[in-house]
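Please read them with the structure open.

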2 protein chains.
Amino acid sequence: MAKSSVADPSHQAFSDVAFAFDIDGVLYQGHRGIPGAREMLRRLCSHGIRYVFLTNGGGAHESAKVKSLAERLQMSQHEDVIRDRVIVSHTPMRGWEEGLKQQTVLITGSHPERARSVANEYGFGRAVTPADLIHANDKLYPFDNLKDSLHATFRPLSDGKSASSITDSYAAEIPPNALKIDQIFVWNDPRDWSLDIQVIHDLLVSREGYLGTISAKNGDGSLPNNGWQQDGQPPLWISNLDLFWKTEYPVNRFGTGAFVEALKGVWSAVTSGAGELRFNALGKPSKFTYDYAHDRLLHYYSDMCPTAGASGGRTKQTLRRVYMIGDNPESDIRGANEFEPADGTEWLSILVRTGVWRETSAEREPKYKPTVVVDDVVDGIVWALRNEGVDATKEWLTSEP
Amino acid sequence: MAKSSVADPSHQAFSDVAFAFDIDGVLYQGHRGIPGAREMLRRLCSHGIRYVFLTNGGGAHESAKVKSLAERLQMSQHEDVIRDRVIVSHTPMRGWEEGLKQQTVLITGSHPERARSVANEYGFGRAVTPADLIHANDKLYPFDNLKDSLHATFRPLSDGKSASSITDSYAAEIPPNALKIDQIFVWNDPRDWSLDIQVIHDLLVSREGYLGTISAKNGDGSLPNNGWQQDGQPPLWISNLDLFWKTEYPVNRFGTGAFVEALKGVWSAVTSGAGELRFNALGKPSKFTYDYAHDRLLHYYSDMCPTAGASGGRTKQTLRRVYMIGDNPESDIRGANEFEPADGTEWLSILVRTGVWRETSAEREPKYKPTVVVDDVVDGIVWALRNEGVDATKEWLTSEP
């Protein structure tokens, strides 16, 4: 078919096609923006094309990611081009119901105190960090507990709770002031794997999340999962499962997924291989995150102008196709390939060569195959627009609108 | 048969029977000595019975363990009762050949700098810590590298080596100043799992131990272990595999073995399950450690009085039976049960209830069954002496000789 003119702003592709961009390794590498990415985004924005930034980063507020993206693309963080479009790994938890937000949550990450601040802002008022626990009971962690450095910042346990009132892990009676954890949140790249794995283990073997107890159900072969995690222990939420990420170092560096694999390894030994580690993963490739992103794209115009609707409520505008542009086959590509939204919108996947994936002798093809592999994000958008019948060129896309 | 009188110091049991004591959880719990343990040791010593202390502790000099044992038993560290008898997890490496001691070793542990000092004292002159590496290349670890706190102490790389001269991990040419690691030593309870697992991974995927390279053999199904660890990567030595240890906290705490399980978990993900993690373990239950302890017991009298022999060389005195007294079925008991020394000496195992093992509903019997289970170390020695036909009583054993 004949390609449409790029000068035609009313082209159908501009209203029912959307994009989801991964950030690290796609829009920038390390501290350098990908050449042309800024102009390309401005071009899409000026045509009213819907897009979001979908990152497995986290542990900080969404606005921090907007800021770092703006710096690397050398633009203002307040430009509509990037404002209010960032979805980090734990953003979907903003929408959790109030009842869950009243629970006591253990939260950790690369900077647990910062993660707690974000959780507080989301509405989780009772968030405890591993640092709080070692300050509350210095017998909990028997090695150098770094209370004067890494874990210097802490808050006393609230509501009169204690992390040391349980002295017999199998005792029938639990003291009324014993600390009970209801949910565990791992919000990106725990810094202190040793402490965090110890504490998470303690909660996963506990009775109902009471720190210092051990469930009598553990190892009971008559129960599901041989009794492991069958006694009201707190659900474990991991904000993403990325094993690797690309930095300026020549070998890819470990991410949150590596922490999870480490935890799984320890758990396998603790349970003698009889207990599968039960957890919930957010972030790409989880359906949870793609559902959230899809919903944001559907409501994009309404969310940007919340007063536009007569009722003030959110209104949907349907989509026909969404392109996910990412550098990570295991998260970006896999997630897009496996995602089948209820409204029948098609998600396609575009893999770029600027990030974590690299063709090697051991891996000539990515484990999860994208719709197309391109050199960088600009080529990816050119490909997508041409796939939509738009006669787009790299020169047009990267010239200032 | 009639029990021999305990007053008979020439009883056969006193010359061809020996003991190997685990320390933590056997001779003391936390900071408290087991009642009667001090007097019992003095009694054995006064009868010239051979014994050693065989601990999976490490990361510090043997003399530090002697000191902590002396403090907890409230005796002098210079008493013959405890002097020169401590074998820590890495003590067998003292005997490594000089050629190996000239190699470049990566060493880590709960306090890598302290571990390095011990390694230097053993004769390993080229020991590098993870802290050295992050100070030499701050791109190596992308998170908070704690260079001002946990990893403030470091040494510059020696011999003009660089940790940043490799910029392309697959390049054919390796710069002559690139750092090459020949051995990896994990000497007890790494504090910084995240950094250490990253660095150990980097070496295990490297070409010949050159930091920053990636072996093209990784994942090659035509090679053993699918090409993993098949390209001259440094051998990995772990000083012990204890998953848990007993402290004053009501739930057992993770030890070095948990770090290894975490590393295995990550390795399994890195290799997509196709590469078994190859490593060598010291410490109980390894044969390496029991061989070393057995050799020390055989030469005990000669080592104590090195000038006694005419030649000044070490002379053996045969053994008939050795009793291992420990609290950990997986290390102490398993190791003794499986150990079959070349000279035919029988090793029996005694499990005490003062340490890490505890009868639970999930584990009514220890996974590795000892010859006998006793309440504490004093009962264990009474049992052993009576097993040897000596009419020993607890009162006699724990009275001052």
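1. Some terms come first. Angles between axes under 35 degrees count as roughly parallel, over 145 as roughly antiparallel, 65 to 115 as roughly perpendicular, and the rest as oblique. Axes are lines fitted to C-alpha atoms, for helices over the stretch in contact, and angles run from 0 to 180 degrees between N-to-C directions. Helices (H or I, at least four residues) and strands (E, at least two) are DSSP runs numbered from the N terminus.

2. On the source: this is a predicted model, in which local features need pLDDT of at least 70 and side-chain atom pairs count only at pLDDT 80 or more, while totals for chains, interfaces and linings use all residues. Residues are numbered from 1 along each chain as its sequence is written, chains are lettered from A and ligands numbered from 1 in the order in which they are written, and side-chain values use heavy atoms, with hydrogens and water left out.

3. Helix α8 (residues 256-270) of chain A packs against helix α8 (residues 256-270) of chain B at an angle of about 125°, with axes 7 Å apart. The pair α8(A) and α8(B) is therefore oblique. The crossing of α8(A) and α8(B) is right-handed; a crossing is right-handed if the near helix is turned clockwise from the far one by less than a right angle, and left-handed if anticlockwise. On the α8(A) side the contact (heavy atoms within 4.5 Å) is made by A:A258, A:E261, A:A262, A:G265, A:V266 and A:A269, and on the α8(B) side by B:A258, B:E261, B:A262, B:G265, B:V266 and B:A269. Sorted by class, the contact of α8(A) with α8(B) holds eight nonpolar, two polar and two charged residues. Here Ala, Val, Leu, Ile, Met, Phe, Trp, Tyr, Cys and Pro count as nonpolar, Asp, Glu, Lys and Arg as charged, and the others, Gly among them, as polar.

4. Within chain A, the axes of helix α7 (residues 193-204) and α8(A) come within 11 Å and cross at roughly 50°. That makes α7(A) oblique to α8(A), and the crossing is right-handed. From α7(A), A:W193, A:D196, A:I197, A:I200, A:H201 and A:L204 meet A:A258, A:F259, A:A262, A:L263, A:V266, A:W267 and A:V270 of α8(A). The contact of α7(A) with α8(A) divides into eleven nonpolar residues, one polar and one charged.

5. A:T213 sits in the loop between α7 and β9 (236-238) of chain A. A:T213 is buried, at a relative accessible area of 1%; buried means under 20% relative accessible area, exposed over 50%, and partly exposed in between (1.4 Å probe, protein chains only). The side chain of A:T213 reaches the backbone nitrogen of A:R207 at 2.8 Å, and a polar atom of that side chain lies 2.7 Å from the backbone oxygen of A:Y210. Leaving aside neighbours within four places in sequence, the contacts of A:T213 include A:I166, A:D202 and, from the other chain, B:V251.

6. A:T247 lies in the loop between β10 (244-245) and β11 (253-254) of chain A and counts as buried at 12% relative accessibility. A polar atom of the A:T247 side chain is 3.1 Å from the backbone nitrogen of A:Y249. Beyond neighbours within four places in sequence, A:T247 is in contact with A:R253 and B:P142.

7. Which residues of α2(B) are buried? They are B:A37, B:E39, B:M40, B:L41, B:R42, B:R43 and B:L44. Helix α2 (residues 37-46) of chain B thus has seven of its ten residues buried. These buried residues pack against β1 (17-21), β4 (50-54), α12 (377-387) and α13 (394-397) of chain B.

8. Some backbone points deserve a look. Most residues other than glycine have a negative phi, and most peptide bonds are trans. The bond joining A:K284 and A:P285 is cis, with omega about 10°, and the bond from B:K284 to B:P285 is cis, with omega near 10°. B:D84 has a positive phi near 55° and is partly exposed, with a relative accessible area of 45%. B:N188 has a positive phi of about 75° and counts as buried at 2% relative accessibility.

Key:
Polar contact = N/O pair within 3.5 Å; in protein donor to acceptor, adjacent residues only side chain to side chain.
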